Amino acid sequence: MGRKGLDYEDLNENVKKVQYAVRGELYLRASELQKEGKRIIFTNVGNPHALGQKPLTFPRQVVALCQAPFLLDDPNVGLIFPADAIARAKHYLAMAPGGLGAYSDSRGIPGVRKEVAEFIQRRDGYPSDPELIYLTDGASKGVMQMLNAIIRNGRDGILVPVPQYPLYSAAISLFGGSLVPYYLDEEANWGLDLVNTRQSVAAARSNGITIRAMVIINPGNPTGQCLSEANLKEILNFCYQENLVLLADEVYQQNVYQDERPFISSRKVLFDMGGPISREVQLVSFHTVSKGYWGECGQRGGYFEMTNIPPKTVDEIYKVASIALSPNVPGQIFMGLMMSPPKPGDISYPKFATESKSILDSLRRRAQIMTDGFNSCRNVVCNFTEGAMYSFPQIRLPQRAMDTARSAGKEPDVFYCLKLLEATGISTVPGSGFGQKEGVFHLRTTILPAEEDMPAIMSSFKKFNDSFMEQYQDYSKL
């Protein structure tokens, strides 16, 4: 018998190269332990509702009515649902004549794209064209669509911040491109150092790589930093000088836990700069209902907006989007609701505002509890989580721990995270899954466990860490 197309040996080599640490070895081991009855705290993935966050009431009410439109004909519907939720459900059903079970336009429902454009205009102060906004199944699908369009062959490079979210390394591998890392500076609160970035570009070019695009993640994942306006101007100038597409992953723009550096979009900074830069830098911005304080990960609603992209390219991207026929329609409605939530004066506004504030205030407190907790531990240092929903502490591992890990065939941070999981049930992601400087080790954890559980989780972490450091400390070198 000859080998068949789906035999491992004959699979597409790009598929075999894909690594995705967020659901990697640690996650699989945690799932095994859970099956054995151990209590696992899954902090490996930004999945707020799985860790107990309650959904916002208003969007769920609207989508419930859209999913079951017969409820709108019930004479008692007004006893269960507020009038503004009923009105919004009718508004979306009018935009989707076949209801939620019918395909929409491959770019998404035109009326929802208009709501996205209005949100962007309110946010940035510059008009946005709904024809350049595509709705997607979460931001990830949009990122993959764009990388697929940009990467032509193995010599095409994409500049990606390291530490990076592994969607980028995985997708670049899948499409056969080359990831070109630019390192964020941990000492400068994970800021961007363009001198280092230029060195990365020069090194890649000397190896025959053509740099095609640059990714920024703002606020950062896994690092949690917020880019300043000055930093964004530097980045846009750099993209202008180097003829790079800027892929701006801005999915955490609502999650900011300090007041010194509020979120500012790449698009706003680009247009504020004026001149040839604002007309020439090609920018694609991404957003989603999964992240932010809505946390609707399972709904898979997202969008990307294209700025300064030639019309012929937009047509080609539409053609590729058409292969999937339609983004999921409930996710599109969630996106419309996030772009146009209840306003002051609406019946549902007080409840919506209270729920939103409660989640964001709690996330801000949890970011502080977690940062302080890590910094109280032996051989652990952690920058404050300014935004997004992650902490990325550096774990300064003793040489004996590194030697023991490598003799067991493990990366040192994987070894540490596995020991942490076995001892405490806390499931994290090793820093090596995101990229890090040689000889420096981290782990990533979300700040999403319930606030009342956070002190106990951090106490459990500290107890494990300090005991681990004691066990592997080489006293002969002290």
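Tutor: A salt bridge here is a side-chain nitrogen of Lys or Arg within 4 Å of a carboxyl oxygen of Asp or Glu. The model under discussion is predicted.

Student: How many salt bridges are there between domain 1 and domain 2?

Tutor: Side chains of opposite charge can pair when their charged atoms come close. Domain 1 covers 8-39 + 360-477, and domain 2 covers 95-339. Between domain 1 and domain 2 the count is two salt bridges.

Student: Which residue forms a salt bridge with Arg364?

Tutor: The cut-off for such a pair is 4 Å between the side-chain nitrogen and the carboxyl oxygen. For Arg364, the closest N and O atoms of the pair are 3.1 Å apart, and the partner is Asp259.

Student: Which helix gives the most residues to the side of domain 1 that touches domain 2?

Tutor: Elements that give two or more residues to that side are helix 1 (13-17), helix 15 (349-375) and strand 11 (390-391). The most, four residues, come from helix 15.

Student: On the side of domain 1 that touches domain 2, how many residues are nonpolar?

Tutor: In domain 1, 32 residues are in contact with 36 residues of domain 2. On the domain 1 side, five are charged, eleven are polar and the nonpolar ones number 16.

Student: What area do domain 1 and domain 2 bury between them?

Tutor: The size of an interface is often given as the accessible area lost when the parts come together. The C-alpha centres of domain 1 and domain 2 lie 28 Å apart. Of the area buried between the two domains, 54% is on carbon and sulfur atoms, and the total is about 2,800 Å².

Student: How many helices and how many strands does the protein chain have, and why is it called as compact as a globular protein of its length?

Tutor: The protein chain has 18 helices and 15 strands. The globule rule gives 23 Å for 478 residues, and the chain is as compact as a globular protein of that length because its radius of gyration is close to that value, at 23 Å.

Student: What does the C-alpha trace span along its principal axes?

Tutor: The span is taken along the principal axes of the protein chain. The C-alpha trace extends over about 75 × 65 × 55 Å.

Student: How many residues apart are Glu296 and Arg60, which form a salt bridge?

Tutor: The closest N and O atoms of Glu296 and Arg60 are 3.0 Å apart. Glu296 sits in the loop between strand 8 (283-288) and strand 9 (302-307), while Arg60 belongs to helix 3 (residues 57-67). The pair links distant parts of the chain, with a separation of 236 residues.

Student: Where does Pro163 lie, and is the peptide bond from Val162 to Pro163 cis or trans?

Tutor: Pro163 is in the loop between strand 3 (156-162) and helix 8 (166-174). Omega from Val162 to Pro163 is near 5°, and the bond is cis.

Student: What is omega for the cis bond that joins Asn218 and Pro219?

Tutor: Pro219 is in the loop between strand 6 (210-217) and helix 10 (229-242). For the cis peptide bond joining Asn218 and Pro219, omega is about -10°.

Notes. Residues are numbered from 1 along each chain as its sequence is written. This is a predicted model: local features need pLDDT of at least 70, side-chain atom pairs count only at pLDDT 80 or more; totals for chains, interfaces and linings use all residues. Side-chain values use heavy atoms; hydrogens and water are left out. Domain bounds come from an automatic or database domain assignment. Contact means heavy atoms within 4.5 Å. Buried area is the accessible area (1.4 Å probe) that two parts lose on being put together, summed over both. Ala, Val, Leu, Ile, Met, Phe, Trp, Tyr, Cys and Pro count as nonpolar, Asp, Glu, Lys and Arg as charged, and the others, Gly among them, as polar. The radius of gyration is taken over C-alpha atoms; the globule rule is 2.2 Å times the number of residues to the power 0.38.
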